[in-house]
Amino acid sequence: DLPLPILIDVQLASNIQETTQIVVDFIQEKTPNAVVEDHRVWLSRIAGLAEGLSAVALSVMGLATGALGLIVIFATRASLTEYAQAIHVLHIVGARDGYIAGQFAGRALAQGVLGGAAGLLLYGPALGAIAWLAGRVQDGLLPNVSLPARHWLIILVLPLLAGGLAMLTANITVRRVLALKS
C-alpha cells in the first residue's frame, strides 16, 4: 500500500551547466516535490579523491627515494670506515679517489638493482590486485583507470633507476669523504 517513487533518468547530450539547470527548473516547475540529483557532484568528489591519492602516492615515492639516498650515504660511510686500511693501501700503491669511488659505486649499483627488483616482485601482486579492482568498476561510472604501456615500462625500469641513484649517491659520498681526508 506504500506509494512507489518514480525514477526518471535523464542523460543530457551536452555537459553544460546551463542545460542541467534548465532541466532541473523544468522538473521542479512540473513537480515541486521532485528530488533532482546531479551525479556530477559526487563524481567530482570521487575524482578529487583520486587526485588526492595520486598526490599521496607521489609523496610516498619521494619519501622512499629520499630514504634510499640516506641509506646509501650511511651504508657507504660505514663501508669507508670498515675498509679504511684497505683504502689507505690502495692510495699508497697509486689508486686515485675516482677508482675507489667507482668500486663503491659499482657495489651500490648491484645492491640497488637487486633491492629494486625484489621490491618490484613483492609489489607485483598488489599492483595486480589494484588493476583487478579497477577493472571491476562499471564502465562509464568512473574514468578509465588503466595504465598506458609507457607507465608499465617505467614501473619495470624502477629497479634500474634505484640502482642508478644508489650508484650516484655512493660515488658522490666516497669522493667527498676521501676529499676531506686528503
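**Helix packing and overall dimensions of the predicted chain**

In helix α5, the residues Ile-155, Pro-159, Ala-162, Gly-163, Ala-166, Thr-169, Ala-170, Thr-173, Val-174, Val-177 and Leu-178 are buried, where buried denotes under 20% relative accessible area, exposed over 50%, and partly exposed the range in between (1.4 Å probe, protein chains only). The model is predicted, so that local features require pLDDT of at least 70 and side-chain atom pairs count only at pLDDT 80 or more, whereas totals for chains, interfaces and linings use all residues. Residues are numbered from 1 along each chain as its sequence is written, and side-chain values use heavy atoms, with hydrogens and water left out.

The cover over the buried residues of α5 includes α2 (39-82), α3 (84-92) and α4 (97-136). An α-helix has 3.6 residues a turn, so residues three or four places apart point the same way. Helix α5 comprises 33 residues (149-181) and reaches 48 Å from its first C-alpha to its last, close to the 48 Å expected at 1.5 Å a residue; the expected span is 1.5 Å times one less than the number of residues. A kink of about 45° is located at Val-157 in α5, shortly before the proline Pro-159, the bend at a residue being the angle between axes fitted to the seven residues ending there and the seven starting there. Gly-164 also lies in α5 and counts as partly exposed, because its relative accessibility is 25%. Between Gly-164 and Pro-148 there are 16 residues of sequence separation and 24 Å in space, C-alpha to C-alpha.

The largest nonpolar core consists of nine residues, namely Leu-80, Ile-87, Ala-95, Ile-100, Ala-101, Phe-104, Val-174, Val-177 and Leu-178. Two or more residues of this core are given by each of α4 and α5. A nonpolar core is defined as a set of buried Ala, Val, Leu, Ile, Met, Phe, Trp, Tyr and Cys residues joined through side-chain atoms within 4.5 Å. Leaving aside neighbours within four places in sequence, Val-174 is in contact (heavy atoms within 4.5 Å) with Thr-76, Leu-80, Ile-100, Ala-101 and Phe-104.

In helix α1 (residues 17-30) lies Thr-20, which is buried with a relative accessible area of 12%. Beyond its neighbours within four places in sequence, Thr-20 contacts Leu-12, Asp-38 and Arg-40.

The protein chain contains five helices and zero strands, assigned as DSSP runs numbered from the N terminus (helices H or I, at least four residues; strands E, at least two). Its radius of gyration is 29 Å, well over the 16 Å that the globule rule gives for 182 residues, so the chain is more spread out than a compact globule; the radius is taken over C-alpha atoms, and the rule is 2.2 Å times the number of residues to the power 0.38. Along the principal axes, the C-alpha atoms fill a box of roughly 95 × 30 × 30 Å. Buried residues make up 15% of the 182 residues. Of the contacts with a separation of 6 or more, 75% involve residues 24 or more positions apart.
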